[in-house]
Amino acid sequence: MAAEQWFVGPLPRGPRETQPPDDFEPGAQPCGDPSWSTPPGQPGDPAKGQQEDVQEQLLEASPSTPTHEPLAPGPGPVPPRLSLDTMFSPITEQLHYLLKKADDFQSYLIYSRDQVQKEQLAKAMPTFLKMCEPYFLYLEAAARSMPPIYGALQELVRKGLLEISQQLTLRLEQLVLMYASFGFVDLEETDPLSISCFFCGRFSISPSHEVSIFRYCAPAAYTASRFPRYLYKKMRWNLETTSEPGGQGQDSHVDYYFLCYRDTWEDTGKSPANSCPQIQKLWSIGRWVPLGPAKDDLYSWILCPQPPGDYQQLLTIGFEEPSHMLATDLLVQILTGQAGPARPPSSAGPAAWAAQGS
């Protein structure tokens with residue numbers, strides 16, 4: 001079973017599977033039709049009938065009847081407000097469609113006896129992850145991009161969109177790890193054909209700053225040379241800075257930020273056998289600090305097997321891993337200068353998640 005044939009059409013649907021919206025195709029922006037946010041027309045508007053009755057009464061009135069003031073039209077009906085469930089309906093339908101695809105991948109892996117089919121599906125895994133990218137783009141951009149686009153409902157809509165994004169992210173991570181456990185997918189970052197991480201969306205925090213989100217399927221050493229020691233990364237954010245509009249040229253610069261944990265027991269040389277695993281990992285957010293070669297030294301780049309770098313710790317989170325959504329919230333607070341000793345507003349975890357400057 002070739003990977004290309006598998007993606008020609010949707011997999012055979014179960015009796016309860018909901019068909020995704022017809023206007024969404026892989027590679028296109030999901031929910032691109034803005035009509036979902038406008039209330040549908042109201043056939044047989046009662047106000048219209050009332051206005052017609054008033055007009056008939058005026059026509060039947062005597063022409064000699066003086067009318068000193070024009071008749072004020074009656075108040076029209078207030079247009080109905082869409083509930084959040086209605087607003088989210090096309091978004092959740094697309095989520096269910098992608099989750100069903102992930103379930104199909106998992107079912108083929110577990111129940112199929114065709115080894116060749118499993119190998120072909122493993123090769124199709126990057127295509128499926130690519131298929132989810134437009135959906136992630138919509139969710140993160142609509143929820144986080146500045147300025148807000150939903151007005152007074154921004155916080156409610158933001159929370160709903162980010163929870164959907166987090167749900168799909170964790171499901172894809174689980175799927176990749178399952179294929180890796182069967183030996184069909186490689187998670188080693190140094191292998192160009194591996195699936196060590198995948199794209200989870202992009203949003204802007206200013207007209208000249210854009211953040212892309214990537215999540216590692218399994219914790220990976222901060223660098224291939226394992227320096228700094230005992231440091232492992234779980235998420236990466238690429239901050240792309242472009243020149244201001246109207247400036248000369250469109251030069252861009254990218255900075256890299258990471259959600260990492262330091263294995264404190266490895267660092268001290270103690271065995272964690274008799275310890276609580278929750279206090280073994282100290283989580284933090286930091287920035288990649290390049291140590292060379294120089295950008296304009298092409299010859300040194302060719303001879304350099306791996307660019308060296310250090311970790312500039314910006315925020316100590318604590319001994320509990322923050323959720324996918326909270327980690328990006330904390331990064332935004334760092335980038336906008338809002339991170340401090342106070343607990344993050346969006347935090348729902350224990351007090352150990354309180355931001356502490358390092």
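This note sets out, point by point, the main features of the structure shown above.

1. Basis of the model. The model is predicted, so to speak of local features a pLDDT of at least 70 is needed, side-chain atom pairs count only at pLDDT 80 or more, and totals for chains, interfaces and linings use all residues. Residues are numbered from 1 along each chain as its sequence is written, and side-chain values use heavy atoms, with hydrogens and water left out.

2. Overall make-up. The protein has 8 helices and 7 strands; helices (H or I, at least four residues) and strands (E, at least two) are DSSP runs, numbered from the N terminus. Of its 358 residues, 39% count as buried. Here buried means under 20% relative accessible area, exposed over 50%, and partly exposed in between, with a 1.4 Å probe and protein chains only. The accessible surface is about 21,000 Å², and carbon and sulfur atoms hold 55% of that area. Such areas come from the Shrake-Rupley method with a 1.4 Å probe; for residues, only the protein chains shown count as cover. Among contacts with a separation of 6 or more, 64% join residues 24 or more positions apart, a contact being heavy atoms within 4.5 Å.

3. Helix H3 covers residues 84-111, and its 28 residues reach 38 Å from first to last C-alpha, close to the 40 Å expected at 1.5 Å a residue. The expected span is 1.5 Å times one less than the number of residues. H3 bends by about 45 degrees at Pro90, where the bend is the angle between axes fitted to the seven residues ending there and the seven starting there. Just after H5, Gly183 takes a positive phi of about 85 degrees.

4. A buried threonine. Thr169 is placed in helix H5, residues 154-181. Its relative accessibility is 0%, so Thr169 counts as buried. Leaving aside neighbours within four places in sequence, Thr169 is in contact with Phe136, Phe198, Cys200, Arg215 and His324.

5. Nonpolar cores. In soluble globular proteins, nonpolar side chains tend to be buried together. A nonpolar core is taken as a set of buried Ala, Val, Leu, Ile, Met, Phe, Trp, Tyr and Cys residues joined through side-chain atoms within 4.5 Å. The largest one has 61 residues, and Leu168, Tyr179, Trp237 and Ile285 have the most contacts inside it. Helix H4, residues 115-144, gives the most to this core, with 14 residues. Apart from this core lies another of 8 residues, among them Ala220, Tyr222, Phe258 and Cys260.

6. Surroundings of Tyr179. Not counting residues up to four places away in sequence, Tyr179 touches Phe105, Leu109, Lys118, Leu121, Ala122, Met125, Phe184 and Val185. Phe105, Phe128, Tyr179 and Phe184 also form one aromatic cluster. Gln120 is found in helix H4 and, at 21% relative accessibility, counts as partly exposed. The C-alpha atoms of Gln120 and Phe184 are separated by 9.4 Å, although the two residues are 64 apart along the chain.

7. Aromatic pairs. The whole structure holds 9 aromatic pairs. Rings of Phe, Tyr and Trp (its six-membered ring) pair if their centres lie within 6.5 Å; planes under 30 degrees apart count as stacked, over 60 as edge-to-face and the rest as tilted. The rings of Tyr222 and Trp288 have centres 5.7 Å apart and planes at 40 degrees, so this pair is tilted. Tyr222 lies in the loop between strand S2 (209-221) and strand S3 (231-242), and Trp288 in strand S5 (residues 281-290), so the pair ties together parts 66 residues apart in sequence. Both Tyr222 and Trp288 are buried.

8. The loop between S2 and S3. Most residues other than glycine have a negative phi, and most peptide bonds are trans. Arg226, in this loop, has a positive phi near 60 degrees and is exposed, with a relative accessible area of 51%. The peptide bond from Phe227 to Pro228 is cis, with omega near -5 degrees, and Pro228 lies in the loop between S2 and S3. Tyr230, found in that loop, has a positive phi of about 65 degrees although it is not a glycine.

9. Helix H8. Ile334 is placed in helix H8, residues 324-335, and is buried, with a relative accessible area of 18%.
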